[in-house]
Amino acid sequence: MHTESTSGQDVDINLAPIIDCLTVIVTFLLASSSFLAIGVLDAGIAAGVPAPNTAPPSVIVTVELKDAQTMVVKVEGKESRKTEIPSKDGTWDQERLTQELTGLKARFSDLSGLTLAAEETVTYEDVVRNMDTVRKTIPAVLLGGF
Amino acid sequence: MSYSLRKKSKFKRSAVTMNGDVGLNITAMADIFTLILVFLLKTYASGAVAITPSADVNLPLAGVSGGHLEALKVEISRNGVMVESQPVATLAEYLFDKKDLQTNGASRTLAQAFDKERQRQVLLGKTNDEVKPDARLVVVADRKVPYATIKAVLASAATHGYTDFKLAVFDKNN
């Protein structure tokens, strides 16, 4: 790079050391940065004392994850029933789960949370995957089965 | 850099001197490096949560709900459980030793570690008003961990006041 100083003399800036520094910084950043963003999912545990001064919801909903990718949606309260959702193509039928929860949400507008429980052998990945699906319809998900 | 300079540099990509040496025009290279540096710095700064999972921990994918977070971290891998990067309990293929589990499902060794962390927070709170016992716990677990182990960890934490759980996941929207 060629510049002219105030005194009229030509000054050459040596870019080579700048390139050296940039190469080192870029290499360090490439090595240390992760391009997969990590975030968090909010969860609580379905245990303990209910919050004071809050009316109990019309229905209490529990989704149980069973072995062999089957799910059971339990509804207790004003309506009481148990719906089993079998696996679809060897995996969790999340579409059917969403339909079930959307139907419940439409009937009971005060339904704002549910409990998600799983059998002991169900993997964390499956729990998180189903939790993610449930949260699209009912945002507050508590972990149960304790 | 102005358009005229850019145009000029296009035609001066290399310069051959009288003795045959080829000199690279490194001004353009400096431009590119600067752009890469800015991009990397931006990527570096946009990470929501300061969590670095161990190499053997593969987090599950999900849509995230939380932003920046500083809380006690517990990491569950195939061979053990770490609290704040300190190994506290041993696992055999993701499972606790049955002798280590109490009747309420909590792990004895893990409960001791959580108790120690809680005591530390209480002690700090006595000397510093800004430090208050925090109920938040970030769970950094491998996707293959069975729910039995997750339950044991959460039960151990809950008995010592950690009830606000945050599950660390890879953001599938990113």
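Guide: The contact between the chains draws 38 residues from chain A and 48 residues from chain B; two residues are in contact if their C-beta atoms, placed from the backbone, lie within 7 Å. This is a predicted model, in which local features need pLDDT of at least 70 and side-chain atom pairs count only at pLDDT 80 or more, while totals for chains, interfaces and linings use all residues. Residues are numbered from 1 along each chain as its sequence is written, and chains are lettered from A and ligands numbered from 1 in the order in which they are written.

On the side of chain A that touches chain B, α1 (16-32), β3 (38-45) and α3 (124-137) of chain A each supply at least two residues. Helices (H or I, at least four residues) and strands (E, at least two) are DSSP runs, numbered from the N terminus. The most comes from α1(A), with nine residues. By class, this side of chain A holds 25 nonpolar residues (Ala, Val, Leu, Ile, Met, Phe, Trp, Tyr, Cys and Pro), six charged (Asp, Glu, Lys and Arg) and seven polar (the others, Gly among them).

Leaving aside neighbours within four places in sequence, A:V127 is in contact with A:L65, A:L116, A:A118, A:V122 and B:Y147. In the largest nonpolar core, of 61 residues, A:V127 is among those that touch the most other members, as are A:L116 and B:V139. Such a core is a set of buried Ala, Val, Leu, Ile, Met, Phe, Trp, Tyr and Cys residues joined through C-beta atoms within 7 Å, buried requiring 20 or more other C-beta atoms within 10 Å of a residue's own. Helix α4 (residues 147-158) of chain B gives this core its largest share, eight residues.

Definitions and conventions. A residue is buried if 20 or more other C-beta atoms lie within 10 Å of its own, exposed if 12 or fewer, and partly exposed in between; C-beta atoms are placed from the backbone.
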